[in-house]
Amino acid sequence: GDYSAYFNGSTYLNLYGVQGAIPKAWTIEFWIYPTSLSSNTNVFTMTDFIIQVQTTGTVSVVTGTRVVVFNSYPSYYQNVVTINNWTHLALVCSGTDYKMFINEKIAYYGLSSTAISPSSLYNSITLGSSFVGYIDDFRISNIPRYSTTFYTSNTAAVFDLHTISLNTFNDLWSFNSTELGG
């Protein structure tokens, strides 16, 4: 999009108005531009579910007591999140089958003995938290949007039939102080 939201490591954005149960198939995607990776940073948090970028540039998902680290597959994609560069992250889940895409390429895929589900309700979504840098085009969808390598354009994400939540930050001025923290 035209604008993005900046997070300084202590600021965060709580998203409200996302209703309903998490479907068995879903996609969480966004662009990040970290300006520091001096500590493991939570980019997305929903109740007991966290998408995190580690100091090494790898991406991990923490759900309950379980941690899935996406060290990138194949190995030459390791450390793909770097400072001062835009990176597109998309976590796609269909029941117990999940895939992490980093810059439109499959970084990891696998099966889980149980479905990776962020929560039964979208009641506490936070962007930023300990992240330092910019986030743009944050979208949650009720379908697995990607199954193989794909291409995303540099235009803002659009709201469609399968979009549950979309934040392009093109109108960030409209957020009120109860939604911004830190």
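Glu 29 is buried, with a relative accessible area of 3%. The model is a predicted one.

Biologist: How many salt bridges does the model have?

Modeller: We look for a side-chain nitrogen of Lys or Arg within 4 Å of a carboxyl oxygen of Asp or Glu. By that rule, the count is 3.

Biologist: Okay, Glu 29 and Arg 139 form a salt bridge, so how many residues apart in sequence are the parts that the pair ties together?

Modeller: The closest N and O atoms of Glu 29 and Arg 139 are 2.8 Å apart. Glu 29 sits in strand β3 (residues 25–34) and Arg 139 in strand β12 (residues 132–141), so the parts tied together are separated in sequence by 110 residues.

Biologist: Is Arg 145 buried, partly exposed or exposed?

Modeller: Arg 145 makes a salt bridge with Glu 29, at 4.0 Å from N to O. Glu 29 is in strand β3, while Arg 145 is in the loop between β12 and β13 (163–167). Buried means under 20% relative accessible area and exposed means over 50%. Arg 145 has 21% relative accessibility, so the call is partly exposed.

Notes:
Residues numbered from 1 in each chain as written. Predicted model: local features only at pLDDT ≥ 70, side-chain atom pairs only at ≥ 80, totals over all residues. Heavy atoms only, no water. Helix = DSSP H or I, 4+ residues; strand = E, 2+ residues; numbered from the N terminus. Buried < 20%, exposed > 50% of the residue type's maximum accessible area, 1.4 Å probe, protein only.
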